[in-house]
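Hi everyone, thanks for coming. I'd like to walk you through one structure today, so please have a look at it with me.

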Amino acid sequence: MGWEREAEFKQLLGKCASKASRAVIDSLSQIAVEDHNTCYKAVPLLMEKQLRRSPTGVQRANVMYAVSKLLRQAKKDLKGKAKFAERFAPLLPGMFNSIAEQLPSSEVHHMVKLLQAWRREAILPQQQLDNLEGLVPGLTAAGAAAGAGIAGADVGYEGSDTAGGMTAMQQQLALALATDAGAGGSGSRGSAASPVHQQQQQQQQQQQGDRLT
């Protein structure tokens, strides 16, 4: 028998895999953190199952972005009481292997940035992070350099699920969410936007205007 909001969590998780967005990822993290005491065992298993059954590398990566958001938010809000990291630990090697099976080379730098954020915030022990990096071909200094233009992109994004790389909308949402990572994962909405974030907002507004004309 699941916890009270398990059905809602599963529905959001399915949406996240098929077409991730900031709102969906934030909602998943919020439910898991708020219901921590009753769902800390179930949530890692549900997310691992969703990742494995997702048919494309990008969809699997979407789930991993949600995992990242959850781990970071739980550490911030629950501090030493959070149990998600230890529950995910034995599942993550298989999850990264599943991502590696399907992930387009153009998307590897997002996994690089995700693991960089985990190192920066000590989400997992360093040895475990070293092992995870070795599971996905291209998670090297070269891969990090390829993704240097998107700092902290350990996030989900909206857009078409294509193997050819990120769309402009995907890049904009990734950069917008990266401002949370730059602030230590605080997720604060009240801080001033960075110049890069402001530029991306302007580009997004321009694109929206173009679609209306």
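A word on the ground rules. This is a predicted model, where local features need pLDDT of at least 70 and side-chain atom pairs count only at pLDDT 80 or more, while totals for chains, interfaces and linings use all residues. Residues are numbered from 1 along each chain as its sequence is written, and side-chain values use heavy atoms, with hydrogens and water left out.

Let's begin with salt bridges. Side chains of opposite charge can pair when their charged atoms come close. Here, a salt bridge is a side-chain nitrogen of Lys or Arg within 4 Å of a carboxyl oxygen of Asp or Glu. How many salt bridges does that rule give? The count comes to eleven.

Take E6 and K10, which form a salt bridge with their closest N and O atoms 3.1 Å apart. Both sit in helix α1, residues 6-18, and they are four residues apart, about one turn of the helix. Helices, by the way, are DSSP runs of H or I with at least four residues, and strands are E runs of at least two, numbered from the N terminus. An α-helix has 3.6 residues a turn, so residues three or four places apart point the same way.

Are these two buried or exposed? I call a residue buried under 20% relative accessible area, exposed over 50% and partly exposed in between, using a 1.4 Å probe and protein chains only. E6 is buried, at 15%, and K10 is partly exposed, at 41%.

Now look at R72 and E121, another salt bridge, with the closest N and O atoms 2.6 Å apart. R72 belongs to helix α5 (residues 57-78) and E121 to the loop between α8 (108-120) and α9 (126-133), so this pair ties together parts that are 49 residues apart in sequence. Both R72 and E121 are buried.

K76 and D77 also meet in a salt bridge, at 3.4 Å from N to O. K76 is partly exposed, with 35% relative accessibility, and D77 is partly exposed too, with 41%. There is also a network of salt bridges linking R5, E34 and D35.

On to the helices. In α7, residues 92-102, the buried residues are L92, G94, M95, F96, S98 and I99. What do they pack against? The answer is α4 (42-53), α5, α6, α8 and α9.

Let's zoom in on α4 and α7, which pack at an angle of about 20 degrees with their axes 9 Å apart. Axes are lines fitted to C-alpha atoms, for helices over the stretch in contact, and angles run from 0 to 180 degrees between N-to-C directions. Angles under 35 degrees count as roughly parallel, over 145 as roughly antiparallel, 65 to 115 as roughly perpendicular and the rest as oblique. The two helices are therefore roughly parallel to each other.

Which residues meet there? M47, E48, L51 and R52 of α4 meet G94, M95, S98 and I99 of α7, with contact meaning heavy atoms within 4.5 Å.

Compare that with α1 and α5, which pack at about 125 degrees, their axes 7 Å apart. That makes α1 oblique to α5. L13, C16, A17 and S18 of α1 make the contact with Q59, N62, V63 and A66 of α5.

Thanks, and I'm happy to take questions.
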